[in-house]
Amino acid sequence: KEDWSLILDQAKCVTYSKDEPIVNQFENYRKIFQLVRGRCRVEIKSSTNNVRILAHILTGDAIFGEISFLEDSPASASVLADSNDTMVYVVQGYYLDVLFGEYPGLSGRFYRYLALLLSNRLKDREDMECEFRETTKHSRRHSYLANPTSY
């Protein structure tokens, strides 16, 4: 808690309107974003300009942008405000570098936090995929029972 307060001390608080982009796919950001208020949605645009919603970020204090921050690479998806008055803290990477120099233990705790965050997201995604497979398998069994000609 204390570490995060230190990190957010110099963060910029930005308010977005519904459908306003916070992160644009393919653009470079060396920033971490924290949702304070409102909702966001994560979208990915294909090479044929089809847009697919990957996720909704509904939880206050949710972090995003961490993968492109860690990889120092362009954003793999766009994040847009999904409600009016969506408020986000924006933490600049250079500020984190300064903090890590001043507080040597902070960098280890910060990167451990990001590792745990990503691990939990992977586990959640795996759980959702397992549930989807089970639901699909269950639905197929019932459709066979309801329609004997599909054997």
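Residues are numbered from 1 along each chain as its sequence is written, and side-chain values use heavy atoms, with hydrogens and water left out. Local features need pLDDT of at least 70 and side-chain atom pairs count only at pLDDT 80 or more, whereas totals for chains, interfaces and linings use all residues of the predicted model.

Gln 34 belongs to strand S3 (residues 31-37); strands (E, at least two residues) and helices (H or I, at least four) are DSSP runs, numbered from the N terminus. Gln 34 is buried, at 5% relative accessibility (buried, under 20% relative accessible area; exposed, over 50%; partly exposed, in between; 1.4 Å probe, protein chains only). Beyond its neighbours within four places in sequence, Gln 34 has contacts that include Trp 4, Leu 8 and Asp 61 (heavy atoms within 4.5 Å).

The structure holds 8 aromatic pairs (rings of Phe, Tyr and Trp, the last by its six-membered ring, with centres within 6.5 Å; planes under 30 degrees apart are stacked, over 60 edge-to-face and the rest tilted). Trp 4 and Phe 110 are stacked, at 6.4 Å centre to centre and 10° between the planes. Because Trp 4 lies in helix H1 (residues 2-8) and Phe 110 in helix H4 (residues 104-146), this pair ties together parts 106 residues apart in sequence.
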